[in-house]
Amino acid sequence: MKSKVALITGITGQDGSYLAEFLINKGYIVHGIVRSSSSFNRERIDHLTSNKEIFHNTLFLHYGDLIDSSNLNRILEKAEPDEIYNLGAQSHVQVSFEIPEYSAEVNALGTIRLLDGIRNSSLRTKFYQASTSELFGNSSTSAQNEDTNFNPRSPYAVSKLYAYWIVKNYREAYNIFASNGILFNHESERRGETFVTRKVSINVSKIILGIINKFSLGNLDAKRDWGYAPDFVEGIWKILQSDTPDDFVLATNETHTVREFIEEAFIVMGEEIIWEGKGLDEKGILKKTGKEVIDIDKRYFRPTEVDFLLGDYSKAKQKLGWEPKTTFNELVRKMVTYDYNKLKISTNRNVHIFNKL
Ligand code: NAP
Ligand code: GDD
């Protein structure tokens, strides 16, 4: 039987790298779009590209960019995908306040470029759009589902709202199989280092290893519904295996503050953190030693914040048979353990080299 062909934008990102692995294991031929860069930006798919068997037969990388339609059209023509996963994005909410026009160019117009490429071709491909719980903003203080109102609170969220609606519009207007996955936050050992969970797992590990004394954060009271990226990637695939195109929330239906994530990260390392002070003067202190390890820096606060996210994934459970598998505590443990072990090995190596000098 002929293998299915998938095209992934954002293959070098957290989700793209897990999805590539997932699809290759399912027997797909995978094409991925990578951006040209002056330094190496394929670390997350290095284990795939360094496997000759995979790299010669099942994984094909193309230089490209979501802001370049002629290139996207050429890739569509070359790859002839059965499924397109549009994961590429300027995905950092805080950064989108600094580069709002670029964020819209990539996230909003990038999506229409792909959809229009499909519309103008003879491809009968399915299209997945990486929509986000950021669309909800602060619209609801109870669990959010596919019927909850949107109230985007950042240039990132507004750009993703355009993408969400153009997917629906192209589905209705041109009968394209195009679906939105409205995904709540999902993290992993491959999470970008400037997102809060990874920033915490790396810096807590550094404190325990004595590499740094303390680090700074912003709003500790924001609540997020945090899941594990590999669980969510399975849901992404299931969304495109459905008989009809539709929109689905993927979440864990549990919410935790940034503060709770930090507390749990220290618990994994056998430490307890206590909080003293208020607002910008708040400090995180290790109970055993009284050492200050966290302070607050106003640089990390956003002009407009999303205070509360909690997802109701009942529709995905019922129609796709999808459920998250990893609990919050397991997620924190996986991330902190990974970073601690990685840093420990590189610290030992550096000490070894230093001793030899
Ligand atoms: P990520 O790690 O930041 O990866 C983003 C990917 O997009 C990277 O491969 C990046 O390439 C690529 N990219 C950036 N600008 C591009 C451009 N102009 N043209 C082509 N590719 C470009 O993001 P993620 O966490 O895997 O998330 C995947 C998608 O899901 C994103 O669209 C994100 O907005 C959305 N989403 C994520 C979450 C979450 O919690 N992770 C939740 C909801 C929705 P480089 O490696 O070259 O930078
Ligand atoms: N990044 C960061 N850095 N966030 C901090 C910090 C800090 O030092 N201190 C506190 N926070 C708070 C943010 O204000 C926010 O409320 C929360 O931690 C989570 O921030 P991020 O990890 O940057 O993620 P996000 O929720 O803004 O966005 C992520 O999830 C969205 C889905 O809801 C991204 O992956 C988006 O692409 C995704 O759409």
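Which helices and which strand each supply at least two residues of the shell around ligand 1? In this predicted model, the answer is helix H1 (14-25), helix H6 (100-119), strand S5 (126-132) and helix H7 (155-174).

**View 1. The shell around ligand 1.** Here we look at the 25 residues that surround ligand 1. The closest are Thr12, Asp15, Ser91, Tyr156 and Lys160. Strand S5 gives the most to this shell, with three residues.

View 2. Start with Asp15, where a backbone N or O atom lies 2.8 Å from an oxygen atom of the ligand. On its own, ligand 1 has 910 Å² of accessible area, and the protein covers 90% of that.

**View 3. Helix H8 against helix H10.** Now for a pair of packed helices: H8 (residues 196-208) and H10 (residues 258-268) meet at an angle of about 35°, and their axes are 10 Å apart. The crossing of H8 past H10 is right-handed. From H8, the contact is made by Val196, Thr197, Val200, Val204 and Ile207. H10 brings Val258, Phe261, Ile262, Ala265 and Phe266. Of the residues in this contact, nine are nonpolar, one is polar and none is charged.

Technical notes:
Residues numbered from 1 in each chain as written. Chains lettered and ligands numbered in written order. Predicted model: local features only at pLDDT ≥ 70, side-chain atom pairs only at ≥ 80, totals over all residues. Heavy atoms only, no water. Axes fitted to C-alpha atoms, helices over the stretch in contact; angles between N-to-C directions. Helix = DSSP H or I, 4+ residues; strand = E, 2+ residues; numbered from the N terminus. Left-handed = near helix turned anticlockwise from the far one by under 90°. Contact = heavy atoms within 4.5 Å. Nonpolar A, V, L, I, M, F, W, Y, C, P; charged D, E, K, R; others polar. Near = heavy atom within 4 Å. Polar contact = N/O pair within 3.5 Å; in protein donor to acceptor, adjacent residues only side chain to side chain. Areas by Shrake-Rupley, 256 points an atom, 1.4 Å probe, with all protein chains shown as cover.
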